[in-house]
Amino acid sequence: DHAIFTDPQNEANIGIGNLSDAFTTGTPVSTNLMTFDSTNNSLLIGDRTGEAVHSNTFIGYGAASGITTGYSNTIIGHNSSTKNEGGFENVSIGAQSGPIDLGGSSTVYRTVTVGYQAGSKIRQDSTVIGFQAAKETFEIDVVAVGYQAGEGAGAHSISIGKNAGYNSSNDYVVAIGYQSAYDAGGESSIWIGNKAGYQADNATR
């Protein structure tokens with residue numbers, strides 16, 4: 001077993017209280033499983049987390065393990081945001097949420113990803129919420145809310161609802177409703193309602 005703190009005598013100074021019963025099993029890779037870095041204003045909890053750098057909060061096994069120079073990130077979840085080496089000002093919550101795909105960008109910034117495998121390849125200025133929402137979407141300025149919403153959507157797109165905007169691919173598409181703009185074509189199109197624009201071809205505003 002391994003103590004979480006290498007110097008338990010200093011536990012009172014960091015306000016944690018009595019950690020005499022706090023142990024782990026197995027063989028951790030990281031030297032410390034909990035790090036309070038007052039110099040960099042960072043908090044790391046878990047094995048194989050990313051680097052403290054500046055103003056980072058990483059919680060979970062492998063959380064932000066790919067971040068080496070990025071700053072002002074809050075990453076919570078098992079193996080979340082493992083790709084984003086230089087990313088900054090991101091929030092990722094959920095197992096494997098945020099940039100984890102090896103084919104994704106190494107510097108993603110100002111994104112919010114919440115949900116299992118949400119935004120695996122997403123790029124900057126995006127908000128992705130839901131199970132596998134925008135999972136394979138390699139675009140910027142994407143808003144996707146719902147189960148697999150915005151999966152394969154284009155840049156500057158909005159997809160709200162289960163499977164909304166799924167594989168719509170074109171830019172500036174607004175899809176609101178269950179499977180709206182599902183596999184639909186047409187840049188700058190707007191689809192609202194249950195299956196609105198489902199497999200529609202080349203509709204434009």
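Start by selecting F131: its relative accessibility is 33%, so it counts as partly exposed. The model on screen is predicted.

**Stop 1**

Where do Y116 and F131 sit along the chain? Y116 belongs to the loop between β8 and β9, while F131 belongs to the loop between β9 and β10. The pair therefore ties together parts that are 15 residues apart in sequence. Y116 has a relative accessibility of 34%, so Y116 also counts as partly exposed.

**Stop 2: a second stacked pair**

Move on to Y182 and Y198. These rings form a stacked aromatic pair, with 5.1 Å from centre to centre and 10 degrees between the planes. Y182 is in the loop between β12 (174-176) and β13. Y198 is in the segment after β13. Check the exposure of Y198: the value is 34% relative accessibility, so Y198 counts as partly exposed.

**Stop 3: the aromatic cluster**

Select Y71, F88 and Y109 together. These three form one aromatic cluster. Across the structure there are six aromatic pairs.

**Stop 4**

Now select Q148. It lies in the loop between β10 (143-145) and β11 (158-160). Is Q148 buried or exposed? Its relative accessible area is 18%, and the cut-off for buried is under 20%, so Q148 is buried.

Show side chains here. One runs from the side chain of Q148 to the side chain of Q132, at 2.9 Å. Another joins the side chains of Q148 and N163, at 3.4 Å.

Which residues touch Q148, setting aside neighbours within four places in sequence? They are F131, Q132, A133, N163 and Y166. F131, from the opening of the tour, is in this list.

**Stop 4: the sheet**

Switch to a cartoon view. The chain has 13 strands and zero helices. Along the sequence, the pattern is β-β-β-β-β-β-β-β-β-β-β-β-β.

How many strands form the open sheet? There are 11, in the order β3-β4-β5-β6-β7-β8-β9-β10-β11-β12-β13, and their pairing is mixed. At the edges, find β3 (34-37) and β13 (190-192); each of them pairs on one side only. Neighbouring strands in this sheet are turned by 5 degrees against each other on average, with direction ignored.

**Stop 6**

Zoom in on β3 and strand β4 (residues 42-45). Their pairing is antiparallel, over four bridges. Pick T35, then look across: its bridge partner in β4 is L44. β3 and β4 form a hairpin, with four residues between them. In the turn, select N41, whose phi is positive at about 55 degrees.

**Stop 5: a parallel pair**

Go to strand β8 (residues 112-114) and strand β9 (residues 127-129). Here the sense is parallel, over three bridges. Select V114; its bridge partner in β9 is I129.

**Stop 6: positive phi in the loops**

Most residues other than glycine have a negative phi. Against that background, pick Q117. Its phi is positive, about 55 degrees, although Q117 is not a glycine. Q117 lies in the loop between β8 and β9. With 11% relative accessibility, Q117 counts as buried.

Then pick S188. Its phi is near 60 degrees, again a positive value in a residue other than glycine. Look for S188 in the loop between β12 and β13.

**Last stop: the whole chain**

Clear the selection and show the surface. The accessible surface of the chain comes to about 9,600 Å². Carbon and sulfur atoms account for 49% of it. Of the 205 residues in the chain, 46% are buried.

Take the contacts between residues at least 6 apart in sequence. Of these, 3% join residues at least 24 apart.

Conventions. Residues are numbered from 1 along each chain as its sequence is written. This is a predicted model: local features need pLDDT of at least 70, side-chain atom pairs count only at pLDDT 80 or more; totals for chains, interfaces and linings use all residues. Side-chain values use heavy atoms; hydrogens and water are left out. Helices (H or I, at least four residues) and strands (E, at least two) are DSSP runs, numbered from the N terminus. Buried means under 20% relative accessible area, exposed over 50%, partly exposed in between (1.4 Å probe, protein chains only). A polar contact is a pair of N or O atoms within 3.5 Å; within protein, one must be able to donate a hydrogen and the other to accept it, and residues adjacent in sequence count only if both atoms are side-chain atoms. Contact means heavy atoms within 4.5 Å. Two strands pair if DSSP finds at least two bridges between them. Axes are lines fitted to C-alpha atoms, for helices over the stretch in contact, and angles run from 0 to 180 degrees between N-to-C directions. Accessible areas come from the Shrake-Rupley method with a 1.4 Å probe; for residues, only the protein chains shown count as cover. Rings of Phe, Tyr and Trp (its six-membered ring) pair if their centres lie within 6.5 Å; planes under 30 degrees apart count as stacked, over 60 as edge-to-face and the rest as tilted.
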